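Please read this briefing with the sequence and the structure side by side. After a few lead sentences, the points are grouped by topic.

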Amino acid sequence: AAPIGSYVYTSPDLVNWTNQGLCADMMWGIDKWYWAPEVFEKDGKFYLIAHANRNLGFAVADSPLGPFIPEEEFLIPDAIDGHIYQDDDGRMYLYYVGKNDASGYWDIFGCELNDDVVSIKEGTTKLLLSPKDPWEKVGADVVEGPAILKHNGTYYLTYSGTGYDSIEYAVGYATSDSPLGDYERYEANPILSYTSRLHGPGHHSFTTSPDGSELIIVYHVHYNLTTIHPR
């Protein structure tokens, strides 16, 4: 079996990709569920917000190829889908999906990070979004996969709703004038949903075209109309 961990691929054009191997594995002694890694660069260091067996934490490397060395302990238990955002003023934020003990739902939380990137500024963690609209609760009560875009001073918290294994898994957004909300849902959500040819589109990220002229959304779909995996 292939080693368990996070792999890194490189591409000159966002079309052709080369597997460069493991960039992180066996973090915190955990050997399963390495879901949804994301890397952020600051001052020549690369920070991987990593998820292993529903624990979220940071690992650091000198190269995007790794190896990423994990912090001594993971940062947040019972959490997945970490996303890092740096605002125009340099302040950094972490968005993630955590278990809400009060409701039992998986909700989206946000917090500000300290200057060291790998720790949370005390007292800043806030519940941002909980499953509410019908499309977010078709197969499971969950909102997940947060990703932030900022445009003309407005923060767009984009996210996926319901369980990923549902045909109706989809993407919507909510807006705010502050990184940590309050966020108001777009009334015409979802903005990306299934078709007769694609099921379960969601858990996305954003990038730009190689020439920088286009903003591109990248997302999962089910393998085909009858099989979910591999997405």
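His 51 is part of strand E4 (residues 45-51), where helices (H or I, at least four residues) and strands (E, at least two) are DSSP runs numbered from the N terminus. The model is a predicted one, in which local features need pLDDT of at least 70 and side-chain atom pairs count only at pLDDT 80 or more, while totals for chains, interfaces and linings use all residues. Residues are numbered from 1 along each chain as its sequence is written, and side-chain values use heavy atoms, with hydrogens and water left out.

**Surroundings of His 51**
- His 51 has a relative accessible area of 2% and is therefore buried, a term that means under 20%, with exposed meaning over 50% and partly exposed in between (1.4 Å probe, protein chains only).
- The side chain of His 51 reaches the backbone oxygen of Trp 33 at 3.1 Å, and it also reaches the backbone nitrogen of Trp 35 at 3.4 Å.
- Leaving aside residues up to four places away in sequence, His 51 touches Trp 33, Tyr 34, Trp 35, Leu 56, Ala 79 and Ile 80, where contact means heavy atoms within 4.5 Å.

**Strand E13 and its partners**
- Strand E13 (residues 154-161) is mostly covered, since six of its eight residues are buried.
- Strand E12 (residues 143-151) runs antiparallel to E13 and is joined to it by seven bridges, and two strands count as paired if DSSP finds at least two bridges between them.
- Within this pairing, Thr 158 in E13 is the bridge partner of Ala 147.
- E12 and E13 form a hairpin with two residues between them, and Asn 152 in the turn has a positive phi of about 50°.
- E13 also pairs with strand E14 (residues 170-176) in the antiparallel sense over seven bridges, with Ser 160 standing opposite Val 171 in E14.

**Pockets**
- The lining of the largest pocket consists of 40 residues, of which Pro 37, Glu 38, Val 39, Ser 205 and Phe 206 lie nearest its centre.
- Elements that give two or more residues to this lining include E4, E12 and strand E8 (79-86).
- A pocket is an open set of points on a 1 Å grid over the protein atoms alone, where a 1.4 Å probe fits, with protein on both sides within 12 Å along at least five of seven lines, and lining residues have an atom within 4 Å of a point.
- The second largest pocket is lined by 19 residues, of which Trp 35, Ile 80, Glu 144, Tyr 164 and Arg 231 lie nearest its centre.

Conventions: Polar contact = N/O pair within 3.5 Å; in protein donor to acceptor, adjacent residues only side chain to side chain.
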